[in-house]
Amino acid sequence: MSTTDLSIKPSSEALLKNTGNVGVRPPRNYAQFIRWILLFGGGILMIMPIIYMLSTSFKFPFEVYNLNLIPEEPTLENYQLVLEDGRFFNWFTNSLVIAVLTTVSNVFFDSMVGYALCKFKFPGRYIVFIAILSTLMIPTEMLVIPWYLMSTKLGWLDTYWGIMFPGMMTAFGVFLMKQFFETVPDDFLEAARIDGLNEFQIWWTVAMPLVKPALAALAIFVFLGNWTAFIWPLIVTNSQELYTLPVGLTTFSVEQQVEWELIMTGAALSTLPTLIVFLIFQRFIIRGVVMAGLKG
Amino acid sequence: MKQFRNWILGAATAAITAGGSFSAQAVEIEYWQYFFEARITAMDQLIENFEAANPDITVKMTHFPYADYRTKVAAAIPAGQGPDVVQLFYGWLNDYVDANLIQPLPADQFPIDKIEAEFFPMVRAMKRGDNYMALPTAVRSLALFYNKRLFEKAGIDGPPATLEELVESAKKLAQKDGAGNLTTVGITTGMTAQDHHWFREGLIRQFGGEPYTNNYQTVNYNTDAGLAALKFYTDLEDIHEVTKVGFMDEPQAAFKAGRAGMHIDGSFRIGALDKVRGLKWGVAELPAAADGTKSNYSSYWVNAITTKATGEKYEAAVKFMAYITSDEAMQIWLDTVGELPAKPSAALTEANASNETFGPFIKGLEYAHTTIFANESGQRQIMVDMISRTDLEDQSLEDSLAAAAEAEQKLLDEYYQ
Amino acid sequence: MAFYKNLTISQKQIVWAWCFLAVPTVFYVTIRFYPTANAILVSFQDWNLLGTRTWTGIDNYVKLFNDPVFWKVFQNTFLYLIIGTPVSLVIAFVVAYHIDKVRFMHGTIRALYFVPFMTSAVAMAWVWRWFYQPVPIGVFNNFLASLGIAQIEFLNSTTNALPAILAPAVWAGLGFQIIIFMAGLRAIPQTYYEAARIDGVSPMATLWEITLPLLKPTIVFLVVFSSIGFLRIFDQVFNMTTNNPGGPLNSTKPLVLMIYDTAFNGFDMGYAAAQTVVLFLVLLVVSLLQLRILRDR
């Protein structure tokens, strides 16, 4: 790779040099300005429903159905109610542990399978790919009962492992990683092979670093998927101590009625950690993309 | 090797139990119900009382979110992972009995004639042969909630006693904005909530019909009475313009927000309404028909012993069942949860019947009917669609009613085939 | 080890491929394929989850094909796909393409678009449902009323309800698609653009000749994945029509909701399984067609 290939986009360059202080220069010309205004306006519209969610979480029940964005009588009572309920932290920890462990497992296995399906030529490759892809096509609701019976026999009911096992690998991740490994040039792998690395080492030390942005994206999506998973965690757990956050939050909606202000508060509180995770990974994705862009 | 060790352990345990050792471990039985704060509090208290009276038994309660309680129970019990005593909706019992997942209550401790003498008659649906399969602690009925402030503002003295008065009151209560959109409804409507019960067991009977025959296996509302009931119901919106289906999304939300003068609902709503600041509300019996006919709907959750409970667990479960269906337990349940005692002896006490809030519900029990559902949500959906067709597709009432009757009969036939 | 050394390069690839796939194969067979096979089996049975299973042959399928609700639901499912996939992908690409060119507050803008993807479907469905209400509480209708325009029935309508429910589904998925598009855009070597600029190629031509062709793996992934997503739509419909699931008059009911309702309200597991098998076949055919048309092999 010669230095002339290092033609990084200006935006990426700015980010690389100054990640903490993103693009402080205002847009220069008229067209850029219009583009910026439109994008920013669209972005604000995108988060309006979330702003309404936040606003509701600060309202008393009698005001919930009012349209005003700023509560007439803002209150922290809902947050107190949700947080004082000691179970919230319990559910939170469970969700966190489960989401993190499944994410690690997915990043490892999905990229391993995606890599094998992309870079090895072997008979039945397409069939394996389609077979794995086909698992996306059965709704979870229909798998729940067989999984439950399986967990009963193996004693996995009411355990972390029981909640986690169906999500340890996903076809989504395999598909995503396969598509991203397509962008890794075979020459790189060949060079490593000549250097005497075995295939496992090539995958781990050569190919994986090149798809870091995809790994980061995968990590976020798997994390979110598990963070919001509902029906299976509900079926497999018996004790409240093992509930995940979404299951726990449903205890705020009871027979024939829903306490919306509490649901909104719970949703706001459960969105916060994923937001933080995203903001951390967001920088990582950009750096990764820039590095991947170097390959020329 | 492992088998051998288990055998030794088993034999040792058997020996200890057989020896009647007084250091024997307390029997633990598991009880499941759905999550509702007041129900949990009430059951905690019942368990505490029960354990005090039976020191050798402990009861472990587990509860699950309401929305998915049925799925959870249906997955767990056949897999042998369920509780010893379980709370089920009365309409589910058939399936559990047919699948042999529920044990009959022993006739010597739960004699049929005694139950029939003591409990409200609707509980008879729980009888199979010479035994009762399950019994409720509490029952529910419908009543008319009304907003006292709106009534005062509209200059109405009190809640309507008849259906005609209901329409008159609703007309005075409804308010519209300049463009003619309703901003306050006289009475909430929507088959999605409790209205489908009011329509089936209330209105149809009050207009002289009988919604079902043949023990709820044959639809019988595609009649003049059924049509009159449907006309009364849809006229509220179409002719009198005092309501709108789906106003404020949910009827209870409209009432809670003070934008509905009247609202028909069950006693389980009391707790939630109590919490709404600034809402002054009252309860009245469902309005009677012109000829004075009254009719109401009642439903209940029952407790049953699963086939998982055997030996001493079964004995303990029977004792527990006896306690939670006692008068004492029923009064505790009423005071904590607000659900009505399942026995007239406990329900119709002077204090309860004259209670401003519970009184109308308890009086309603005397003339209430219990629909035997094959698939409650499916049958409710048919009522919802019946109204939607007249509302959105301008189908005539006659055709829509006939289509609903046909669809429901098909559903019942498939279930009872 | 000597055995391994004697293998040809392509044989070595086969061995390595299966080494990589060994653990995942066990996983997929036990956790995914076995329950799927089980569902196919149940589709030929009558089972209420509680009692015993009895064989009924193809009764469930016959019932399905004679069920008008099923055909309505089938049509809805395809409407979600046919409207949802192109609309969301075009919006996502346009937004991603432009965000990529914006520097000022780049990270903030991208975050604004992504945040909806992280929210809980239950809470958001309620907010949207509330936006759609008639006056006095609906945001959209109040806005229309303030402009003096007649109210629109969004959810209580057999024609408007489906697009109204699709909107939050597109909204929630947009952030995901934008991020994937942006990752794809960044992966295109800058040298191509430099060359195009030197040759004086117009921006539109650059888009069509360079950007889109090089984005193909990304596009294939997003087309297939969002199609599966829209064919499996459930959360938004279920939570926006909780009182009248899939209504009014089944006008918004997708196949997965019908399956859920049959299985967990009707407890007719055999019938639900038959619907699942149909859904599975539809998804498989659609995905294979897409992969074939986009020639990704």
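User: What makes H8(A) count as mostly covered?

Analyst: This is a predicted model. In it, 11 of the 11 residues of H8(A) are buried. Among the buried residues are A:Phe172, A:Phe175, A:Phe180 and A:Phe181. A:Lys178 and A:Gln179 are on the list too.

User: What do the buried residues of H8(A) pack against?

Analyst: Within chain A, they pack against H4, H5, helix H10 (199-210) and H11. Helix H11 (216-231) of chain C joins them.

User: Why is C:Leu214 called partly exposed?

Analyst: C:Leu214 has 17 C-beta neighbours inside 10 Å. Buried needs 20 or more, and exposed needs 12 or fewer. The count of 17 falls in between, so C:Leu214 is partly exposed.

User: Where is C:Leu214, and what separates its C-alpha atom from that of C:Leu185?

Analyst: C:Leu214 sits in helix H10 (residues 203-214) of chain C. The two C-alpha atoms are separated by 8.5 Å. Along the chain, C:Leu214 and C:Leu185 are 29 residues apart.

User: How do you know that chain A touches chain C, and how many residues are involved?

Analyst: The test is C-beta atoms within 7 Å. By that test, 83 residues of chain A are in contact with 74 residues of chain C. Several helices of chain A each supply at least two residues to this side, including helix H2 (30-57), helix H4 (87-119) and helix H8 (171-181). H14(A) gives the most, with 14 residues.

User: Which classes of residue make up the side of chain A that touches chain C?

Analyst: There are 59 nonpolar, 16 polar and eight charged residues.

User: What makes up the contact between chain B and chain C?

Analyst: Here 24 residues of chain B are in contact with 24 residues of chain C. On the chain B side, helix H3 (69-76), helix H4 (93-98) and helix H17 (376-392) give two or more residues. H17(B) gives the most, with seven residues. By class, this side has nine nonpolar, nine polar and six charged residues.

Key. Residues numbered from 1 in each chain as written. Chains lettered and ligands numbered in written order. Predicted model: local features only at pLDDT ≥ 70, side-chain atom pairs only at ≥ 80, totals over all residues. Contact = placed C-beta atoms within 7 Å. Helix = DSSP H or I, 4+ residues; strand = E, 2+ residues; numbered from the N terminus. Nonpolar A, V, L, I, M, F, W, Y, C, P; charged D, E, K, R; others polar.
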